[in-house]
Amino acid sequence: MNWEVVIGLETHAQLQTRSKIFSGSSTAFGAEPNVQASAVDIALPGVLPVLNREAVVCAIKFGLAVGATIAPRSVFARKNYFYPDLPKGYQISQFEIPVVSGGGLDIRVGAGDTAKFVHLTRAHLEEDAGKSLHEDFHGRTGIDLNRAGTPLLEIVTEPDMRSSAEAVAYARALHALVQWIGICDGNMQEGSFRCDANVSVRRPGEPLGTRREIKNLNSFRFMQQAIDFEVQWQINEIEEGRAIRQATVLFDPDTGETRAMRTKEDAHDYRYFPDPDLLPLEITADWIALVRSGLPELPQAMQQRFQSELGLSAYDAAALTASREMAAYFEAALESAGRDNAKPVANWIMGELSARLNKEGLEIAAAPLSAPQLAGIVRRIADNTISNKIARDVFDALWAGEGRDADAVIAARGWQQITDTGAIEALVDEVLAANQKSVEEFRAGKEKAFNALVGQAMKATKGKANPQQVTDLLKKKLGV
Amino acid sequence: MSELINSSLRELSAALAAKTVSAVELATLFLDRIERLNPALNAFIALDRDQTLVQAQAADAARRVGAGAPAISPLCGIPLAHKDIFCTRGWRTSCGSKMLENFVAPYDAHVVEKLAGAGMVMLGKLNMDEFAMGSSNESSYFGPVKNPWDLACVPGGSSGGSAAAIAARLAPAATGTDTGGSIRQPAALCGLTGLKPTYGAVSRYGMIAFASSLDQAGPMAKSAEDCALLLNAMAGFDARDSTSLERPAEDYARGLEQPLAGLKIGLPQEFFGAGMDDDVRAAVEAALAEYRKLGAVTVEVQLPNSGLSVPAYYVIAPAEASSNLSRFDGVRYGYRAPDYADLAEMYSRSRAQGFGAEVKRRILIGTYVLSHGYYDAYYLQAQKIRRLIAADFKAAFEQCDVIMGPTSPSVAFAFGAKSADPVQMYLSDIYTISTNLAGLPGMSLPCGFGRNNMPVGLQIIGNLFDEAKMLNVAHKYQQVTDWHTRMPKLAEVAK
């Protein structure tokens, strides 16, 4: 009997503000422990939080980017619990009224053109806790409060995803989006973007099963592994007659397994209540308009434009907007190559360029080949100066730093395609004369022999002869 | 010199300006009195003669250099003392608790900064109920403060140290904080004038939080005029407190001399019913008669929900306190239990040993009312009552300029009289709590003596931002009465 997997994700995106959400301390990563912890961050008596408006701007940007509702009035609440790296004994978060509600984003699994819309429940602002350091303290625990008070946007989806692949596709799309709009650096190693996955299984058509929450997934690969393991574990439990108990679980990358950290019975009562130290957060229409005017074109809009104005497929449009850098590269190349060349430019970026970047572990912004250089190659293919095959050589040469642009490389290497009909006719005659055997075979009905003749002609010109002209002339001479 | 112990701040300011006395001499006068009288009163819990005299010397120097310059505050060189709830750089800030017995803040509270900026000289830190939770000063870890009018009686709370110090003339002025009456009730019980400003008028930065939405700092002194001068220095916007009000600065002393003819005094019938002692009633009625002589008229007003103020307060204040006091966990500063097996035990023992009984009681109440399943029934209901109480006042102020009534239902009571019964203790703030819930300014001024010759306080409640009006109303009364100049015998004897 088949099972349906149901997944919802909660993502903590660290916001790219210079200072913390409620204090003036720096948010830079990697400083010596506790040097970026002010009186507010370590919660000395009598100090008070003051909201960093930059963090609110980030939340507004996000709300606009996912088509959500931005609350004109939202409320900061205290989430009370004791932990040594939580200096105040409560975390300032948003509970009943979050700053962002609704909205969502398109995700794509595989190479098809169909997207799936994942609904967001909410996104709210909150502060991060510090870190407990369990090593190097001889059986004691060290506390580093540099991270305490770092602004986070917690982004919560509806339980819309139906496979680990969809969950990863959503996480990737979100990861790309928050970087696109410049609110999060997306650095997963440093914990700037971390996900919790709520996973349950059910028989199709039945109500939602009991969920278990996998905490702190900090890579897409681990997310996939963790969800796959968890799903199989839950199915096994149910099939063996055991009920799933709501729990929080951790994924161990070494074993590839999830294991329960705590169950619902020992869940905290966080005693949320509105923080009396902070006024309700009021966001006016003017403020939203101001933030909107500073937003870059969003990937969704750009994809539509690429489809309608350039005639690209939805898949291509999505691939070209995988990151803002990718899109910028494409647009720069397009500007240089001309709109008519949109498809070949797209193909070169998604094909040759992406493969090479991938192989060498480079980001597109660091590509040794500039967008105008790539456009130069495409232009010379279009006007028949070079063939596709030669174009790859030009690409290699430019990648290696040889020559200013495609034209310079072509000229220096003498790679211009031979398109002069007279020259090609002479060449064809030579080839026919030198390859009587192939001619006879062709006349005897062996189609393949024709290709051998084309090959010989190309070989004789080191690939520079225009293959179409060679073909046409050969056919003519052979009387086909 | 010794006649200066009963001088007003204006008189002290004039003497300093005329150089008939120096700030160092003034500070020494009061420090010597503290040395003699404090052992009996226990009002001061931190003293540092050297630091005090350094500040006094600086004030003298500032007056010399800037003589006549408008930049010199009239308060420059006048000594005062701070309730130990205000963080003070270089001085211990205990909040009356074992939890912070050894805590020295690396910063000054906004109020401390402002008063130091005006050149006021700090005499020391004043005893208080632990974390400002109490109405008798019996909950201090450092022992109770005694009422200078009768050492067997409480001085009121939580700013009991502030009240006792001024009453005994150990300081001309002091800071206090008022969450449910903690400035006004001790002012009443010790025969002083104290003002709790509109919520947000004075920054809470550096003031250790009890109940954030109710806490408000204010001045305590002998007279309304003194309070006006102090409030001028204390009030003002502070970007470090998000609840601080961004309003243009005002001179709270500007209207002190306005005549009161035609002033409409609202008398809430709820403040004059059963529960008030007869001696208190007699003194308050006499004060109202005096006001009528000054040209004021009294009108009856209704505050129908005021009976709900004590229960609402004892949900909201403990709820906020339970969360505010979570930071005292023994991890980063403050008291940590010497022995514990694990983290949970470190928390529970540090807090069990570091907090006193009243603080624990309120943390438990607060934790309970915020718990899942109880939040709606208690916290949300209390917030609704809070809005009703504010609406009552709003309606009342459509009929009158200020509201008057008793500050406390009784004069100072004996030690132990109410400490066994928390509810009885909580009811001592029955007339003061509603103003905190509504965010309104309130003050208490001496209006006579009751049983055993103990002082009685008259409460004035003003509309939002009406501090200047209230101070005017109090000042005019103090010009025709002398209750505020009366000293307890103990203070006179020590002259």
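Student: What should I know about the numbering and the model?

Tutor: Residues are numbered from 1 along each chain as its sequence is written, and chains are lettered from A in the order in which they are written. In this predicted model local features need pLDDT of at least 70, side-chain atom pairs count only at pLDDT 80 or more, totals for chains, interfaces and linings use all residues, and side-chain values use heavy atoms, with hydrogens and water left out.

Student: How many residues of chain A are in contact with chain B?

Tutor: Contact means heavy atoms within 4.5 Å. By that rule 29 residues of chain A are in contact with 38 residues of chain B.

Student: What area do chain A and chain B bury between them?

Tutor: About 2800 Å², 58% of it on carbon and sulfur atoms. Buried area is the accessible area (1.4 Å probe) that two parts lose on being put together, summed over both. In chain A, the residues that lose the most area to chain B are A:Pro45, A:Phe82 and A:Arg271, together 23% of what that side buries.

Student: Why is the pair A:Asp277 and B:Arg204 called a salt bridge?

Tutor: A salt bridge needs a side-chain nitrogen of Lys or Arg within 4 Å of a carboxyl oxygen of Asp or Glu. The N to O distance here is 3.1 Å, so the pair meets the definition. The count between chain A and chain B is one salt bridge.

Student: What makes A:Asn34 partly exposed?

Tutor: Buried means under 20% relative accessible area, exposed over 50%, and partly exposed in between (1.4 Å probe, protein chains only). A:Asn34 has a relative accessible area of 34%, so A:Asn34 is partly exposed. Phi of A:Asn34 is near 70°, a positive value in a residue other than glycine.

Student: Why is B:Arg169 called buried?

Tutor: The relative accessibility of B:Arg169 is 1%, so B:Arg169 counts as buried. Phi of B:Arg169 is also positive, near 60°.

Student: Why are such phi values pointed out?

Tutor: Because most residues other than glycine have a negative phi.

Student: Which peptide bond is cis, with omega near 5°?

Tutor: The bond from B:Gly157 to B:Ser158. Most peptide bonds are trans. B:Ser158 lies in the loop between β3 (121-126) and α5 (160-167) of chain B; helices (H or I, at least four residues) and strands (E, at least two) are DSSP runs, numbered from the N terminus.
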